Amino acid sequence: MKIGYYPGCSLLGSSREFDESVRALAPALGLELVHVPDWNCCGASSAHVLDHRLALALPARILAQAEAAGLTEILAPCAACYNRLSTARDTLEKDPALAREIEAIIEQPVTGKVRIVNILEVLDRFSDVIPGKITKPFAHKVACYYGCLLVRPPKVLKFDRAEDPRSMDRLMAAAGAAPQEWNFKTECCGAAFSVTRTDLVAKMSGKIVDNAVKHGAEAIVVACPMCQSNLDMRRPEINAHLGADHTIPVLFITQALGLAMGIDANQLGLQRHMVPAVMTPAAV
Amino acid sequence: MSRIGVFTCHCGENIGATVDCAKVAECTRNVPGVVHSVDYKYMCSDPGQTMIKEAIKEHNLTGVVVAACSPRMHEPTFRNAVEEAGLNPYLCEMANLREHCSWVHEKVDATTDKAADLIRVMVEKVKHNTPLLPIRVPVTKRALVLGGGIAGIQAALDIANAGHKVVLVEKSPSIGGHMSQLSETFPTLDCSQCILTPRMVEAARHPNITLMTYAELEKLEGFIGNFKATIRKKARQLDEKLCTGCGMCITKCPQKKIPDEFNEGLGKRSAIYVPFPQAVPNKPVIDKDNCTFYKSGKCKVCEKMCPTGAIRFDQQDELVTLDVGAIVLATGFKVMRTDKFPEYGYGKYADVIDGLQFERLASASGPTLGAMKRPSDGKAPETIVFVACSGSRDRAKGVPYCSKICCMYTAKHAMLYKHKMHHGKAYVFYMDIRSGGKDYDEFVRRAIEEDDVKYIRGRVSRIYEEDGQLIVKGADTLLGGEPVEIKADMVVLATAVQAQDGSEELAQKLHVSYDPYHFFAESHPKLKPVETNTAGIYLAGACQAPRDIPETVAQASGAAAKVACLFSRDELTREPVVAVVNRLPAPTFSYCVGCFLCQSACPYQAIEAEEIRGRDGTLIKTLAKVNAGLCQGCGTCVSTCRTKAIDIQGFSNEQIFAELMTL
Ligand SMILES: Cc1cc2nc3c(=O)[nH]c(=O)nc-3n(C[C@H](O)[C@H](O)[C@H](O)COP(=O)(O)OP(=O)(O)OC[C@H]3O[C@@H](n4cnc5c(N)ncnc54)[C@H](O)[C@@H]3O)c2cc1C
Ligand code: SF4
Ligand code: SF4
């Protein structure tokens with residue numbers, strides 16, 4: 001199966017291991033990733049608060065590039081990219097006049113033919129084959145953390161259940177893990193303040209880490225680079241804020257699945273984490 | 001020779017502003033067959049009608065065309081006027097100059113020309129009109145009431161007290177509906193059972209009322225005054241005549257752990273059960289899905305225990321057909337359940353309950369005998385949070401409407417709680433307080449001011465459990481949008497009122513319409529609130545929209561009055577716009593060749609067979625015949641008939657073709 005691939009900036013920078021693990025997993029599942037040619041930044045985090053047209057033009061160009069390359073679907077592993085691309089596609093579809101305006105700005109046609117999918121959606125398509133490929137079950141209690149961007153706004157994304165998503169829990173169960181019931185599956189980690197207000201990030205992400213630990217999780221599994229970096233990279237601030245010493249690792253779903261499918265930890269980029277992601281064998 | 005009068009109306013400015021009515025009247029005079037043509041400002045006014053009546057006499061008219069507005073409103077007006085002048089009313093037709101011409105076109109010459117054309121067409125039709133007589137049908141003076149909640153009970157009692165027979169059909173084993181589950185009622189806080197039970201008993205004892213509980217409508221045929229209803233009486237597995245209601249069977253039934261519907265799952269019942277102590281009738285039913293005998297073939301303990309030998313394991317459902325003249329629909333509502341709220345804990349937290357469950361907890365006849373105990377561990381909740389508008393006024397939950405009763409019952413719940421737990425803390429999250437009604441706002445103020453219930457204007461975003469307590473996260477939008485977090489022991493969601501399950505199928509069986517949310521639709525939102533679009537079927541209570549008890553009872557009495565009004569006549573008259581099979585002299589008798597294609601096409605089963613026999617009794621021909629009582633005049637048969645033997649009176653092929661050929 002062939003699919004368009006849009007890594008976005010964070011997967012080439014701070015979250016290289018997400019890109020690495022997606023690409024390591026793809027061949028094992030028979031998934032061929034075709035890069036969107038000459039892609040640009042989707043504008044996430046800043047464009048949409050500064051300029052409405054810019055916020056649409058950036059993702060629109062990506063859609064146009066994908067269309068020109070004959071792609072019908074793009075996988076955007078980063079939740080922010082997924083959200084921006086989907087929102088732009090939806091806005092242009094509903095407002096043809098605006099769509100013509102944006103086309104004039106980017107000097108390219110966009111018809112809206114291309115569908116945007118997130119990593120959980122893509123993995124879900126392999127839910128029949130995944131169990132057969134598990135060689136080293138990820139036998140740990142996990143807290144599946146979806147964050148806010150993967151499911152909201154539900155009208156646009158139409159993915160999973162906005163208030164209580166289940167897809168990642170199903171996938172992790174298939175990988176041999178025991179997903180825990182916990183409270184903050186879709187709570188915001190404070191991503192937008194990641195650089196400017198680390199104190200707020202410590203508070204918001206702190207609640208999430210603390211609650212996952214309280215509910216017995218041995219690992220937090222995520223599908224968004226911002227969630228991962230906040231819960232992982234900001235751990236010293238989080239622990240200082242909580243007055244705790246939480247060492248729970250934060251893995252991308254692709255890393256956790258990759259491990260369970262017997263892929264080498266370094267190939268999955270696990271060595272890049274700040275909080276060591278060494279999963280000690282545990283009985284579930 | 002036709003002598004037709006044409007009366008063109010200006011409808012004030014409505015027609016007059018775009019159509020030159022004087023010119024229309026003028027050129028209509030030249031249409032063959034027209035002997036009189038005038039225009040006037042308001043034809044429907046008294047002078048306008050008098051003008052028509054006098055012209056009929058003066059010019060000896062054989063037909064009338066009123067060129068005015070849509071026939072929907074004023075066709076009866078003008079037909080009455082024509083009849084008063086001694087002409088058959090069906091010789092009067094309307095040309096719709098307003099909706100079909102003046103309202104949709106500009107003021108140009110072509111508009112006036114079109115108006116004249118519309119009139120010519122109608123003149124041609126009237127030339128082919130024949131006098132018709134209204135159809136008379138008898139009225140069966142017995143009413144069917146579907147649903148035995150307070151709406152159905154009230155309607156049945158009122159109809160019965162007007163001297164007519166009523167059959168009250170209730171789906172569940174007892175009448176009473178939701179009102180029987182309520183603890184106390186707003187705005188007076190009187191005990192629900194105490195005011196309801198006497199009504200239930202009265203309905204059961206009334207000589208004019210036949211109760212059919214544990215029964216449902218299977219099929220409905222017929223029309224106003226003449227319905228034929230088939231009712232399925234579900235098997236109670238009991239001979240009701242022998243059962244004395246002693247309850248011996250219930251005490252010994254080994255299956256005792258079945259979640260109890262009456263207590264909204266907060267209590268348990270046995271497999272043979274009476275839903276609640278005051279149930280009417282007070283006779284048990286066996287729940288076959290949970291009975292040991294039906295599951296494993298062994299047990300029959302109840303049969304051994306029963307002193308009168310009333311248990312009947314082999315009893316089957318029974319179908320009963322009833323002739324009734326009118327139907328009152330009173331099938332009530334349901335509430336949205338807590339499992340529709342993933343953000344509030346998905347029904348996974350035992351202490352997040354809905355309003356009906358709270359009623360049972362607060363009720364003296366409930367599972368806790370009225371003591372405030374939370375479902376999870378029986379602890380008395382020190383802090384309780386009520387969330388109004390749970391699902392209501394929320395497009396994301398598919399309920400954009402206001403459920404209307406929850407503001408009031410939430411205030412009641414908070415008060416009942418405070419009356420039982422003086423030192424406890426009660427919070428209410430709300431969007432607006434909608435307490436329009438007699439003594440209603442005063443009631444809410446009492447909760448806030450006297451009972452110290454803390455009202456917080458804002459929505460709850462999430463509820464989760466932490467250390468055995470429920471954390472309720474919300475916002476106080478009155479005081480600067482501050483986030484609020486309350487640690488509660490119990491949360492009550494005032495979940496949305498929704499249409500009863502199966503409303504759609506029931507509406508289809510009865511041919512009544514329903515709104516997008518499956519509440520039954522009234523015929524007119526203001527002027528016909530208890531009628532449906534199907535003549536002879538009326539609405540009462542919460543099956544039409546969210547309603548409290550006072551409104552329900554008022555509407556039920558309204559529906560009953562409509563039924564009594566219908567039953568005050570021995571015969572009904574109907575418009576004669578029905579199909580007829582043509583008849584000719586012998587030996588042809590009719591173009592009908594007896595193929596009965598029309599019979600399979602008719603959606604109302606109105607086509608019957610008629611045999612033509614010779615004097616010696618030999619069968620000469622079998623013809624189709626239309627039952628004028630059942631025919632709805634849809635015309636499906638006309639388009640199916642290959643020999644053109646069937647026609648709609650007043651809209652015959654000949655008439656329609658005459659209209660078209662004029663253009
Ligand atoms: C939590 C809560 C608290 C409330 N508190 C108050 C209060 O304090 N004061 C107040 O005025 N109002 C109160 N109400 C509103 C009150 O319950 C309703 O106004 C009232 O019950 C409406 O009566 P009804 O007969 O229309 O419907 P229901 O009570 O729903 O009765 C309908 C009956 O029809 C039966 N039925 C359904 N379908 C069929 C079918 N197909 N065939 C035959 N039978 C059928 C049902 O079994 C039921 O017995 C409260 C409601 C709730 C949810
Ligand atoms: S036969 Fe069924 S209803 Fe009767 S006692 Fe046994 S379980 Fe109960
Ligand atoms: S007009 Fe319609 S309802 Fe009447 S007989 Fe024909 S098909 Fe039946």
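**Figure 1. Helix α19 of chain B and the residue Met661(B).** Met661(B) belongs to helix α19, which spans residues 653-662 of chain B. The model shown here and in the other views is predicted. With a relative accessible area of 69%, Met661(B) is exposed, because residues over 50% are classed in that way. Together with Phe651(B), Ile656(B), Phe657(B) and Leu660(B), Met661(B) makes up a nonpolar patch on the surface. The accessible area of these residues together is about 540 Å².

**Figure 2. Gln655(B), another residue of helix α19.** Helix α19 of chain B also contains Gln655(B). Gln655(B) has a relative accessibility of 3% and is counted as buried, since the cut-off for that class is under 20%. A polar atom of the Gln655(B) side chain lies 2.8 Å from the backbone nitrogen of Ser652(B). When residues up to four places away in sequence are not counted, Gln655(B) touches Lys125(B), His128(B), Asn129(B) and Gly650(B).

Figure 3. Leu118(B) is part of helix α6, residues 109-127 of chain B. Its relative accessible area is 22%, and Leu118(B) is therefore partly exposed, as the value falls between the limits of 20% and 50%. Leaving aside neighbours within four places in sequence, the residues in contact with Leu118(B) are Ala95(B), Asn96(B), Leu97(B), His100(B) and Cys101(B). From Leu118(B) to Cys101(B) the separation is 17 residues in sequence, and their C-alpha atoms are 8.8 Å apart in space.

**Figure 4. The contact between chain B and chain A.** Eleven residues from chain B and 13 residues from chain A take part in the contact. The size of an interface is often expressed as the accessible area lost when the parts come together. Between chain B and chain A the buried area is about 970 Å², and carbon and sulfur atoms give 34% of that area. On the chain B side, Tyr346(B), Arg462(B) and Tyr464(B) lose the most area to chain A, together 47% of what that side buries.

Figure 5. One salt bridge joins Glu187(A) and Arg462(B), whose closest N and O atoms are 4.0 Å apart. Strand β24, residues 460-466 of chain B, gives the most to the side of chain B that touches chain A, with four residues. Six residue pairs are in polar contact between the two chains, counting pairs with both residues at pLDDT 80 or more.

Notes. Residues numbered from 1 in each chain as written. Chains lettered and ligands numbered in written order. Predicted model: local features only at pLDDT ≥ 70, side-chain atom pairs only at ≥ 80, totals over all residues. Heavy atoms only, no water. Patch = residues over 30% accessible without salt bridge, like charges linked within 9 Å, V, L, I, M, F, W, Y side chains within 5 Å. Areas by Shrake-Rupley, 256 points an atom, 1.4 Å probe, with all protein chains shown as cover. Salt bridge = Lys/Arg side-chain N within 4 Å of Asp/Glu carboxyl O. Helix = DSSP H or I, 4+ residues; strand = E, 2+ residues; numbered from the N terminus. Buried < 20%, exposed > 50% of the residue type's maximum accessible area, 1.4 Å probe, protein only. Contact = heavy atoms within 4.5 Å. Buried area = accessible area lost by both parts, 1.4 Å probe. Polar contact = N/O pair within 3.5 Å; in protein donor to acceptor, adjacent residues only side chain to side chain.
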